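Have a look first, then we'll start.

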Amino acid sequence: MAEKTRKYDAKIMIFTLIIVGAMALVIALNGEKAPDFIYSMLMAIGHSPVGIFILAFTFFCLIWVFYVAFSKYGKIRLGHGKPEYSNFQYIAMNICAGLGATALIYSFIEWAFYYTTPALGIEAGSAQAMEWSTAYNIFHWGPNMWATNTMAAIPVAYAYYVRRVPSLRLSAVTHAMMGDNKKSRVLSRVVDYLMSVSTCGGICVTLGLGVPLVANGLGKIFHFTPTFGTNVIVCIIVAGLYTLSSWVGLSKGMKVISSANMYLAIGLMVALLVTGPTQFIIKNIVNASGLMLQNFTRMSMWTDPIGGGSFPQDWTIFYWMFGWCFASQVSIFMSQISRGRTLRGMICCLNIGGPAGCLIFFGLNGSFSLNMQMTGELDVAGLVNNEGTAEAVTSILQSAGFGIVGLIIFVVITWLFTATTLDAAAFALSSVSTPHLKEGENTSPPLRLYWCIVLALLPMVMIYIQAPLSSLQTLVVVLTTPMVFIYLLMMLKTMKWMKEDYPRMINGRLPEDMTEEEKAEAAEIIRKELASKEEREASLEALLAGNPDAAVEKKEDAEA
């Protein structure tokens with residue numbers, strides 16, 4: 001029976017491959033003009049009311065997800081049974097899926113961009129710019145960024161586990177929300193295409209960023225100059241790991257690799273803290289956290305209307321657009337691994353645990369390299385601007401005092417981060433290509449294998465034709481901007497669903513969706529909540545007789 005639910009959507013599989021490949025080819029053929037044109041599109045959106053809406057809406061989503069978490073709706077349960085993963089495994093899997101190698105790389109060097117082009121009218125290269133650089137670093141990877149993914153995951157998880165929408169496709173969710181009509185069918189198809197293109201295009205950029213860094217690190221370890229052939233070999237090795245992980249499934253592959261990866265990353269950070277400028281690192285993290293918390297609302301809503309600078313558009317708005325671009329992929333993955341959790345448990349892990357992990361990650365790694373800049377040990381900002389991110393990061397690790405061992409560990413972590421991100425993407429894309437998927441059921445291994453191959457081949461082609469990866473990333477972000485308005489619709493409809501469903505719920509579940517064990521739990525709840533002996537007996541009798549709706553009615557009558 002399980003196999004009958006796995007039918008492939010060949011149109012999405014072929015369409016995505018053609019569109020992403022065509023975009024890469026067009027960019028490569030117009031190498032000089034394309035980046036400027038795409039950047040002008042990004043700036044046009046950023047300076048328009050749409051950009052301002054994205055800025056405000058992202059901040060509002062942060063408020064909304066915590067409202068859901070700590071309101072009565074936070075008690076709503078997602079699926080049956082207990083959580084499959086511990087909180088550490090759950091947070092680690094989501095960090096690896098949503099941030100991956102990009103976060104690892106930029107945790108060391110992103111502050112340099114804010115130091116040379118600071119926000120809030122601060123003078124570039126000044127002590128104040130250096131102080132604020134870490135604050136903006138942890139801000140852009142903090143609660144707002146995580147709220148984009150969590151906000152998108154709530155409607156998907158609610159539709160799949162509570163409303164029993166038989167698929168993890170965003171189109172299935174929007175279709176259920178809007179009803180079966182022509183407009184709904186057209187919108188649902190557009191949503192699937194946008195999701196698959198944004199995921200595939202964005203992940204290609206992630207692999208295109210991680211592979212050269214691993215190749216650069218290997219070149220420094222074994223003393224050779226990386227070539228395209230080196231990139232291909234590294235790409236094959238990365239693809240081999242995430243293909244194996246994807247084939248064996250999330251519980252055996254992704255869980256093990258992401259947990260091991262997080263332990264390695266934590267070990268590296270501890271080593272940097274202990275052997276590096278410990279006091280400065282701690283003071284800088286605390287100081288940056290204070291700056292961010294004190295100015296959080298201002299940083300979230302700053303548009304620079306008086307100065308007229310482009311920092312909000314270049315960074316904050318772009319980051320939120322980038323978050324919304326990946327939200328569709330991450331929301332599907334988050335929903336799949338959230339079975340057994342309450343909405344409150346899911347949201348708190350994602351929007352408290354996730355930002356806390358990033359604060360330590362970016363604060364510690366960034367402070368370590370920032371101290372190198374301050375003391376003159378290494379001109380990190382100069383390396384970033386002149387040599388690129390890969391050279392800058394590997395130079396930082398070489399100068400850290402760990403020698404070849406530290407560089408090897410970093411290369412392995414980057415390899416694992418890249419593999420886990422692509423593993424999550426392959427699962428999300430295979431979910432979009434699967435019209436029907438039961439609770440707890442995985443997508444077909446051959447289908448995941450198809451997406452693994454696609455996600456490996458496209459970056460290699462783009463590296464070979466020298467397509468500007470940053471331009472492809474920006475183009476994907478621009479093209480998926482309309483998804484923000486889809487998420488707004490999903491949020492409003494989810495609130496309507498929760499208001500309709502919650503009065504009928506017992507212990508966070510709808511009565512008709514309860515297993516026998518959950519009925520016993522509900523019976524215990526009824527015994528405690530209903531006042532009179534007669535009401536308890538009538539409600540229990542209805543529940544155990546297979547008429548849970550009558551039990552709920554008795555409970556509602558008693559509450560009234």
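Predicted model: local features only at pLDDT ≥ 70, side-chain atom pairs only at ≥ 80, totals over all residues.

Q: What makes the nonpolar surface patch, and which helix gives the largest share?
A: Phe88, Tyr263, Ile266, Val270 and Val274 make a patch of about 470 Å². Helix α11, residues 250-275, supplies four residues, the largest share.

Q: Why does Ser328 count as buried?
A: Its relative accessibility is 2%. Buried means under 20%, so Ser328 counts as buried. You'll find Ser328 in helix α14.

Q: What is Ser328 in contact with, leaving aside neighbours within four places in sequence?
A: Ser328 touches Leu170, Met195, Ser198, Thr199 and Tyr487. One of those, Leu170, belongs to helix α8 and is buried there. Ser171, Ala172, Val173, Thr174 and Met177 of α8 are buried as well. After α8 comes Gly179, with a positive phi near 90°.

Q: Which residues have the most contacts inside the largest nonpolar core?
A: Those are Ile109 and Tyr136, in a core of 185 residues. Helix α14, spanning residues 311-336, gives the most to this core, with 16 residues. As for Ile109, if you skip its neighbours within four places in sequence, its contacts are Val380, Val384, Thr389, Ala392, Val393 and Ile396.

Q: How many aromatic pairs does a search of the whole structure find?
A: The search turns up 32 aromatic pairs.

Q: Why is the pair of Tyr73 and Tyr502 called edge-to-face?
A: Two values settle this kind of question, because a pair of aromatic rings is described by the distance of the centres and the angle of the planes. The ring centres of Tyr73 and Tyr502 are 5.7 Å apart, and rings pair if their centres lie within 6.5 Å. Their planes are at 85°, and over 60 degrees counts as edge-to-face. So edge-to-face it is.

Q: Where in the chain are Tyr73 and Tyr502?
A: They come from distant parts of the chain, 429 residues apart. Tyr73 is in the loop between α3 (49-70) and α4 (87-98), while Tyr502 is in the loop between α21 (483-501) and α22 (516-529).

Q: How do you know whether Tyr73 and Tyr502 are buried or exposed?
A: Set each value against the cut-off for buried, which is under 20%. Tyr73 has a relative accessible area of 5% and Tyr502 has 19%. Both values fall under 20%, so both residues are buried.

Q: What makes Tyr114 and Trp315 an edge-to-face pair?
A: The rings are 5.0 Å centre to centre, with 75° between the planes. Pairing needs centres within 6.5 Å, and edge-to-face needs planes over 60 degrees apart. This pair also links distant parts of the chain: Tyr114 is in helix α5 (residues 100-116) and Trp315 in helix α14, 201 residues apart. Tyr114 and Trp315 are buried.

Q: What about the protein chain as a whole: how many helices and strands does it have?
A: There are 24 helices and zero strands. Of its 560 residues, 59% count as buried. Among contacts between residues at least 6 apart in sequence, 82% join residues at least 24 apart. The chain exposes about 21,600 Å², and carbon and sulfur atoms supply 63% of that.

How values were computed:
Residues numbered from 1 in each chain as written. Heavy atoms only, no water. Buried < 20%, exposed > 50% of the residue type's maximum accessible area, 1.4 Å probe, protein only. Helix = DSSP H or I, 4+ residues; strand = E, 2+ residues; numbered from the N terminus. Patch = residues over 30% accessible without salt bridge, like charges linked within 9 Å, V, L, I, M, F, W, Y side chains within 5 Å. Areas by Shrake-Rupley, 256 points an atom, 1.4 Å probe, with all protein chains shown as cover. Salt bridge = Lys/Arg side-chain N within 4 Å of Asp/Glu carboxyl O. Core = buried A, V, L, I, M, F, W, Y, C linked by side-chain atoms within 4.5 Å. Contact = heavy atoms within 4.5 Å. Phe/Tyr/Trp six-rings, centres within 6.5 Å; stacked < 30°, edge-to-face > 60°.
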